[in-house]
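Open the model in your viewer and keep the selection tool at hand. The stops below go one at a time.

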Amino acid sequence: VSGSATNTPQPADSEYIVPVTVGASTVNLDFDTGSADLWVYTSSTAGGAGHNYYTPSDGATVMNGETWSIGYGDGSSASGNVYQDTVVVGGVTATAQAVEAAQTVSSSFSSDTSNDGLLGLSWSSLNTVSPDQQKTFYDNVQSSLADPVFAAILKHDAPGSYDFGFIDSSKYTGNITYTPADNSQGYWGFTVDSYTVGTTVTSTALSGIADTGTSLLLLDDTTCGNYYAQVSGAINDSSQGGWVYDCSTSLPDFSVSINGYTATVPGSYLTYDQQSSGQCYGGIQSSTAIGFNIFGDVFLKSQYVVFDGPNVQLGFASQ
Ligand SMILES: O=C(NNC1=NCCC1)c1ccc(Br)cc1
């Protein structure tokens, strides 16, 4: 089997939402290659006002004694209990998917009515269900896929897709360049050989993760400093949350070299949003507090990205 589900960017391309059939409901989920839990609101979730919620299908079963509790890199969190139910994404069906019902969600989730939960697409080793760890949607359907891969096609301010089971050459230009993935921490980790700001090449390797659930491109302080050195008047202002600059400033492109392939994020994609101060908040911000780099939506939305579990590799091509 194979299938494609449309994703829709929320304002500032902050997250990409996909309609998913979960049990007897259709809910809008944030697909997240940086985590491995599929969780949804229920009719009783505290903070559930304004969200669609999960209703178990007739064939659903409660996974007795199983609970989940997750914390995300941005400090948000959720927890609850677990059902086994049918989940359909773009026509691809997982018949015995662990559906994690939220009893509690943190305020950043309850206030974000654009999503009704998350669908994790990292490696299943990050799944938080206890005492019996559960598999991601991708792991559950992988053996049924014509080609056991999925692709993320995120776009700037336009609908894209998550494709399961096929590579679509109409969705990228040139060739796909593959590079080994590091799944040792449960993420889709990879290394770039060098980076370029405008036309200035820095031959330093960067390691990080491909994370559709993180909005920004988070890079170490040295790399951030080298980027914003080419943005006249940019300052790193902790009171505004990081690097800001006058919105009239033009931004240089940011490129990385992966196995000979140059992945370019155009400068026009590198402003995240306008602050109340009239300053603009950059799409590139510091990862130093996290300890490794996060190639989030700001980066991914310039690329066609293949996530290949069986070969433990990532593929990149320009959109
Ligand atoms: O949580 C992470 N990614 N997904 C999401 N963020 C917010 C909601 C979903 C995340 C993953 C790895 C690292 Br390192 C830092 C952050």
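Which residues of helix 3 (residues 221-228) are buried? Select Thr223, Cys224, Tyr227 and Tyr228: these are buried, meaning under 20% relative accessible area with a 1.4 Å probe and protein chains only, where over 50% is exposed and in between is partly exposed. Helices here are DSSP runs of H or I with at least four residues, strands are E runs of at least two, and both are numbered from the N terminus.

This is a predicted model, in which local features need pLDDT of at least 70 and side-chain atom pairs pLDDT 80 or more, while totals for chains, interfaces and linings use all residues. Residues are numbered from 1 along each chain as its sequence is written, and side-chain values use heavy atoms, without hydrogens and water.

Next, select the rings. The structure holds 25 aromatic pairs, that is, Phe, Tyr or Trp rings (for Trp the six-membered one) with centres within 6.5 Å; planes under 30 degrees apart are stacked, over 60 edge-to-face and the rest tilted. One of them, Tyr187 with Phe292, is tilted, at 5.9 Å centre to centre and 55° between the planes. Tyr187 lies in the loop between strand 11 (173-180) and strand 12 (189-192), and Phe292 in the loop between strand 23 (284-286) and strand 24 (293-295), so the pair ties together parts 105 residues apart in sequence. Tyr187 is partly exposed at 23% relative accessibility, and Phe292 is partly exposed at 31%.

Now select Trp123, Phe137, Tyr138, Phe150, Phe164, Trp188 and Phe307, which ring pairs link into a cluster.
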